[in-house]
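Subject: Structure for you to look at

Hello,

Please find the structure below, with the sequence beside it. My notes on what was found follow.

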Amino acid sequence: MCRRGRRSTAPAPVPRSRLGPVNETPRERRSPKSIRVLLAEDQGMMRGALALLLGMEEDIEVVAQVAAGDAIVDAALTHHPDVALLDIELPGKSGLDAAAELRDQAPDCRVLILTTFGRPGYLRRAMEAGAAGFLVKDGPVEELAVAVRRVLTGETVIDPALAAAALSAGPNPLSTRECDALNASADGATVADIAVRLHLSESTVRNYLSAAIGKTGTRNRMEAMREARRQGWL
């Protein structure tokens with residue numbers, strides 16, 4: 001009589017071809033990259049670093065990168081981001097101006113301003129342009145990722161120190177026309193040149209410049225322009 005051997009209870013080995021790489025997260029356990037981000041930053045190294053760091057988040061995907069402000073709206077209309085992460089001082093058009101255009105042309109895209117210049121005037125202008133958040137670049141990247149998620153849920157995210165500074169600084173004292181006159185004089189243009197650019201009389205331009213100088217507490221229009229920019233009013 002032949003004796004039957006005991007059946008082994010050990011699992012059969014899995015072919016190596018079916019084994020995934022070491023430390024790979026199972027596909028079914030990975031979070032989908034559901035938050036689409038547009039990144040506008042003129043410094044290539046900074047732009048690349050931000051894209052890399054945000055791309056490491058499981059639920060964030062950078063779908064477009066631009067280096068100029070006048071490319072933001074077209075990129076948004078093409079790639080349909082959920083959040084636009086914008087610098088302020090960009091060639092072609094400021095991030096603040098682009099934010100206002102996104103509010104009108106891509107209303108489903110939330111705008112988060114990320115800038116080196118934490119100026120109270122910039123914060124007020126960003127909120128007026130419809131931005132959902134305002135952060136400065138010296139914060140940790142973890143806070144940036146959290147802010148991206150929060151603005152997508154409808155929250156407003158503002159750097160606390162900057163919010164306090166904006167409240168104490170008060171509103172922009174310059175009128176729109178006074179700002180226009182200062183901006184037009186940035187390249188050293190004469191009063192006559194400014195008058196032509198703004199379609200105003202020379203006496204009206206002088207009045208606007210004089211008012212801006214008085215409100216900024218400066219001695220001339222160039223000092224007034226620099227002070228207005230320092231405050232974020234321009």
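L112 stands opposite G133 in β5. The two strands concerned are β4 (residues 110-115) and β5 (residues 133-136), which pair in the parallel sense over four bridges. Strands pair here if DSSP finds at least two bridges between them.

Before going on, note how the values were made. This is a predicted model, in which local features need pLDDT of at least 70 and side-chain atom pairs count only at pLDDT 80 or more, while totals for chains, interfaces and linings use all residues. Residues are numbered from 1 along each chain as its sequence is written, and side-chain values use heavy atoms, with hydrogens and water left out.

The protein has ten helices and six strands. Both are DSSP runs numbered from the N terminus: helices are H or I with at least four residues, and strands are E with at least two.

The sheet

In what order do the six strands of the open sheet lie? The order is β2-β1-β3-β4-β5-β6, and the pairing is parallel. β2 (60-66) and β6 (157-158) stand at the edges with a single partner strand each, so one side of each has no neighbour in the sheet.

Strand β3 pairs with β1 on parallel terms through four bridges, and A84 in β3 is the bridge partner of L38. β3 also pairs with β4 in the parallel sense, again over four bridges, where L86 stands opposite I113 in β4. From β3, V83 and L85 point one way, A84 and L86 point the other way, and all are buried. Buried means under 20% relative accessible area, exposed means over 50%, and partly exposed lies in between (1.4 Å probe, protein chains only).

Helices on the sheet

Helix α1 (residues 44-55) lies across β1 (35-40), β2, β3 (83-86) and β4, and runs at about 165° to β2. Helix α3 (residues 95-105) lies across β3 and β4, at about 165° to β3. Axes are lines fitted to C-alpha atoms, for helices over the stretch in contact, and angles run from 0 to 180 degrees between N-to-C directions.

Two packed helices

Two packed helices are described by the angle between their axes and the distance between the axes. For α7 (residues 176-184) and α9 (residues 202-216), the axes come within 9 Å and cross at roughly 95°. The two are therefore roughly perpendicular to each other (angles of 65 to 115 degrees; under 35 is roughly parallel, over 145 roughly antiparallel, and the rest oblique). R177, E178, A181 and L182 of α7 make the contact with Y208, L209, A211, A212 and K215 of α9, contact being heavy atoms within 4.5 Å. These residues divide into six nonpolar, no polar and three charged. Nonpolar covers Ala, Val, Leu, Ile, Met, Phe, Trp, Tyr, Cys and Pro; charged covers Asp, Glu, Lys and Arg; the others, Gly among them, are polar.

Cysteines and loops

The count of disulfides is zero, a disulfide being a pair of cysteine sulfur atoms within 2.5 Å. C109 is buried at 9% relative accessible area, and C179 is buried at 10%.

H80 sits in the loop between α2 (72-79) and β3. Its phi is near 50°, a positive value in a residue other than glycine, and at 55% relative accessibility H80 counts as exposed. H199, in the loop between α8 (191-198) and α9, has a positive phi of about 60° although it is not a glycine. H199 counts as exposed at 74% relative accessibility.

Regards
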